[in-house]
Amino acid sequence: MNTLQHKMKDSGYSLRALARLIAVSPSLLSRMINGYRTFRFEHKKNIAMVLNCTTDDIQWPDHL
């Protein structure tokens with residue numbers, strides 16, 4: 001299973017590009033990736049769709 005960062009890198013998406021595609025601010029996406037905010041299911045679903053995988057294919061960051 002790949003981490004979200006690995007999936008983003010493999011797919012060629014920067015944090016800013018992915019944030020734009022899922023309609024959140026880059027700062028919010030950064031906080032979610034770093035565990036300071038939790039991913040809502042809607043965010044996970046949209047990210048998986050952009051990265052062409054399922055939500056189960058991504059190892060989501062733990063919430064601090």
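Here are some notes on this predicted model, going from the whole chain down to single residues.

1. Ground rules. Residues are numbered from 1 along each chain as its sequence is written, and side-chain values use heavy atoms, with hydrogens and water left out. Since this is a predicted model, local features need pLDDT of at least 70 and side-chain atom pairs count only at pLDDT 80 or more, while totals for chains, interfaces and linings use all residues.

2. The overall layout. The chain has 4 helices and 2 strands (DSSP runs numbered from the N terminus: H or I of at least four residues for helices, E of at least two for strands). The C-alpha trace spans about 25 × 20 × 20 Å along its principal axes.

3. Of the 64 residues, 34% are buried (buried is under 20% relative accessible area, exposed over 50%, partly exposed in between, with a 1.4 Å probe and protein chains only). Take the contacts between residues at least 6 apart in sequence: 53% of them join residues at least 24 apart (contact is heavy atoms within 4.5 Å).

4. Helix α2. This helix covers residues 15-22, and its buried residues are Ala17, Leu18, Ala19 and Ile22. They pack against α1, α3 and α4. Just after α2 comes Ala23, with a positive phi of about 65°.

5. Helix α3. In residues 26-33, the buried ones are Leu28, Leu29, Met32 and Ile33. These four sit on the same side of α3, because they cover an arc of only 135° around the axis (the arc of the directions from the helix axis to the C-beta atoms). As background, an α-helix has 3.6 residues a turn, so residues three or four places apart point the same way. The buried residues of α3 pack against α1, α2 and α4. Gly35 follows α3, and its phi is positive, near 85°.

6. How α2 meets α3. Their axes come within 8 Å and cross at roughly 105° (axes are lines fitted to C-alpha atoms, for helices over the stretch in contact, with angles from 0 to 180 degrees between N-to-C directions). That makes α2 roughly perpendicular to α3 (the term covers 65 to 115 degrees; under 35 is roughly parallel, over 145 roughly antiparallel, and the rest oblique). On the α2 side the contact involves Leu15, Arg16, Leu18, Ala19 and Ile22, and on the α3 side Pro26, Leu29, Ser30 and Ile33.

7. Helix α4. His43, Asn46, Ile47 and Ala48 are its buried residues. Their cover includes α1, α2, α3 and β2. After α4 comes Asn52, with a positive phi near 60°.

8. A closer look at His43. Beyond its neighbours within four places in sequence, His43 is in contact with Val24 and Met32.

9. And Gln5. This residue lies in helix α1 and counts as partly exposed, at 40% relative accessibility. Gln5 and Pro61 are 56 residues apart in sequence, and their C-alpha atoms are 9.4 Å apart in space.
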